[in-house]
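Hello,

Here is the structure I promised to pass on. Have a look at it first, and then read my notes below.

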Amino acid sequence: MANIHYFTFTIAILALASSVAYASDPDPLQDFCVALDESKAGFVNGNFCKNPLHVTADDFFYSGLRNSGNTSTPVGSVVTPAFVTELPGINTLGISVSRIDFAPNGLNAPHSHPRASEVLTCLEGTLYAGFISTNPQHRLFAKILHEGDLFVFPRGLIHFQLNLGKTKARAMASFGSQNPGIITIASTMFGSNPPVPTEVLAKAFQVDKWVIDHIEKQFQPENMYDEL
């Protein structure tokens, strides 16, 4: 009987280890696999690889994060990504970054990344950063970040950053995926295409339907800002 329990325990540990091992992007099978835009060839889980003989240093270089983004948005922030689309050399490497610029009191609205955990580094200003745990506790974990401080957002959990200062702020986010994905809570719920039925949203948020109608108008195309 003891042997059976030991065998069962061993299988459980192996299963857990296997699940952890596959909790990020697949490991590369070569030195690099520079992404190639071959959308007409069909879809793959990731990107096709460029011929290694045609790869250059430019495939691993991106200057798009040098300059501040335009924070003239309804929430006072803008995210500039360096994902596999912008930086093809990270294909299969399981990494990516983005720059976040904040106007005074700007907000990077509550959102989640379904395919990656995130490490946020405050580079300038003072940020209030936090994430919320899953049901049923809904615990808020939050800290005030100063220049050089880090904060981790676990994969898939809703998180946000708010600039507490009266001057601009800047942060860098690092992800454990070449394409972490983003689900911005407000625009997803109130700006979907086609729209989520008003009755569903009114019951979910426990408000009158006119409140939902008013919120949805804020997320119509003419009122929206560019998101990742």
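Helices (H or I, at least four residues) and strands (E, at least two) are DSSP runs, numbered from the N terminus. This is a predicted model, in which local features need pLDDT of at least 70 and side-chain atom pairs count only at pLDDT 80 or more, while totals for chains, interfaces and linings use all residues. Residues are numbered from 1 along each chain as its sequence is written, and side-chain values use heavy atoms, with hydrogens and water left out.

The protein has four helices and 12 strands. Of its 228 residues, 32% count as buried, where buried means under 20% relative accessible area, exposed over 50%, and partly exposed in between (1.4 Å probe, protein chains only).

Let me begin with the interior. A nonpolar core here is a set of buried Ala, Val, Leu, Ile, Met, Phe, Trp, Tyr and Cys residues joined through side-chain atoms within 4.5 Å. The largest one has 17 residues, and those touching the most other members are Phe102, Leu120, Leu127, Ala129, Leu145, Phe151 and Phe153. At least two residues of this core come from each of β4 (96–102), β6 (118–124), β7 (127–132), β9 (150–153) and β11 (169–175). With four residues, β11 gives the most.

A cavity is a set of points, on a 1 Å grid over the protein atoms alone, where a 1.4 Å probe fits but cannot get out; a pocket is an open set with protein on both sides within 12 Å along at least five of seven lines; lining residues have an atom within 4 Å of a point. The structure holds two cavities of 30 Å³ or more.

Finally, some backbone details:

- Asn135 and Pro136 are joined by a cis peptide bond, with omega about 0°; Pro136 sits in the loop between β7 and β8 (140–145).
- Another cis peptide bond links Asn193 and Pro194, with omega about -5°; Pro194 is in the loop between α2 (185–190) and α3 (198–205).
- Thr92, in the loop between β3 (77–82) and β4, has a phi near 75°, a positive value in a residue other than glycine. Thr92 counts as buried because its relative accessibility is 19%.
- Gln206, in the loop between α3 and α4 (209–218), also has a positive phi, near 55°. With a relative accessible area of 73%, Gln206 is exposed.
- Gly176 lies in the loop between β11 and β12 (183–184). Gly176 is 81 residues from Ile95 in sequence, yet their C-alpha atoms are 4.8 Å apart in space.

Best wishes

Technical notes
Grid points are joined across faces, edges and corners, and a volume is the space filled by probe spheres set on the points.
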